[in-house]
Amino acid sequence: MAMSATSSNLIVYLIRKYNVKSIDAAQISNIVRGCVQLAPVLGAAASDAYFGCYPVVAAGAAISLLSFVVFTLTAAFPSLPAVLYTAVCLLAVGNGGTRYNAATLGADQFAGGGERGRDAFFSWYFACLYASYVAGDTALVYLQDSVSWALGFGVCAATTALGLVALLAGSRPSPWTAPSALAASPSRLPPSPSPCWPPSSSPPRSSTASPPRCGGGSSLQRVGIGHALNVASMVVAALVERRRIRVAHAHAHGAAAAGDAVPMSAAWLVAQLALTGAEEALHLPGNTALFYREFPGALRSTATAMPPLSIAVGSYLSTAFVGAVRRATGWLPDDLNRSQLDRVYWTLALLAAANLCYFLVCAITYRYTGNDVDGDGEASHTLDDK
């Protein structure tokens, strides 16, 4: 919750507190989001190779708490940008330890309980995760924007401290299950890290292994629907932005100054945001369940870190894309009321459509490994009834 509120509101914080221009603030925010999403991959590697999930999650929560304490200091002393850099780095490191290692820690408790229990856990995990996002992006962002930045960051620190205390308290009565697959041979390499990248260096595997299910429909089906919704959300964003620009141009003929708020209801954003939310609700649980099943048991934490890796790459590509658009076109001036942002969204819609087509080709040719680690850490194969 605290991490979501801080990362979501970072653009506003940079603009209001550090006088950064809007487009520059957006690019900085994209880089930070990329680091925040990339860090879990390193945390997962540390968990799989050295420490296990629980110590990494506990350390990540402690570092996250420290980051919000430092963020509170940045609100009190905005003349020290180095403090802000430190806070952002600590936020990324802390998130690297907690975000998806926590998912692996929970899923490991279902060892021997079957795939259905783990899939249900992933669905509930992400439901609770997104509920925390809603709470953070509303209540905590309101505190930061409308009351006090220092108070908002202070509440972030307090909620993180409560989570850390709960984790440490829960470790006493409930010993955490550590899968014995951690002792598996390092030669057991994972299959292709994404269904979008079909394995080409290994022989085709039997297609009789049943696809992993995740709350209705196979994981690949859910991810595919998520890709389709992504295309739809970009199309809707382009149409709404086109209307906003028209309203902004009409408003500019009056006494409005550059950058003034456009007299247009925020309800126009509901459809786009609903599509984006539905897309993520299908993407993340579907991808996470798929990777958790398809990867070897020794790489369970790495498996759950694969979805944020793709998000991190997307954040970096987004920054590069915005920079290229600014250099090559006049679509993104500092005053967005005079921009052609709708053309940017149309371009993204075309790229998303191409990605959907590529995904469908790869998904159709993908062969499930049937990997499923039971309580003894051994791989089992679930066959169809045919």
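What follows is a short chat about a predicted model and some of its residues.

Me: What are the ground rules for this model, and how are residues numbered?
Reply: The model is predicted: local features need pLDDT of at least 70, side-chain atom pairs count only at pLDDT 80 or more, and totals for chains, interfaces and linings use all residues. Residues are numbered from 1 along each chain as its sequence is written, and side-chain values use heavy atoms, with hydrogens and water left out.

Me: Which residues form a nonpolar patch on the surface?
Reply: I31, L38 and Y316, with about 230 Å² of accessible area together. Areas come from the Shrake-Rupley method with a 1.4 Å probe, and for residues only the protein chains shown count as cover. Patch members have over 30% relative accessible area and no salt bridge; like charges are joined within 9 Å, nonpolar side chains (Val, Leu, Ile, Met, Phe, Trp, Tyr) within 5 Å. A salt bridge is a side-chain nitrogen of Lys or Arg within 4 Å of a carboxyl oxygen of Asp or Glu.

Me: Where does I31 lie?
Reply: In helix α3, residues 22–51. Helices (H or I, at least four residues) and strands (E, at least two) are DSSP runs, numbered from the N terminus.

Me: Why is I31 called partly exposed?
Reply: Because its relative accessible area is 41%. Buried means under 20%, exposed over 50%, partly exposed in between (1.4 Å probe, protein chains only).

Me: And Q27, buried or exposed?
Reply: Buried, at 16% relative accessible area. Q27 is also in helix α3.

Me: What does Q27 touch?
Reply: T319, V322, G323 and R326, not counting residues up to four places away in sequence. Contact means heavy atoms within 4.5 Å.

Me: Switching topic. Where does UniProt put the "transmembrane region" feature?
Reply: The unreviewed UniProt entry gives residues 56–77, 83–102, 122–143, 149–169 and 344–366. UniProt positions are in the numbering used here, feature names are shortened, and annotations may be inferred rather than shown by experiment.

Me: What about Y125, buried or exposed?
Reply: Buried, at 17%. Y125 lies in helix α7, residues 115–147. Beyond four places in sequence, Y125 is in contact with R99, A102 and A103.

Me: How many disulfides turn up?
Reply: Zero, in a search of the whole structure. The cut-off is a pair of cysteine sulfur atoms within 2.5 Å.

Me: Is C362 buried or exposed?
Reply: C362 is buried, at 3% relative accessibility. C357 is partly exposed, at 49%.
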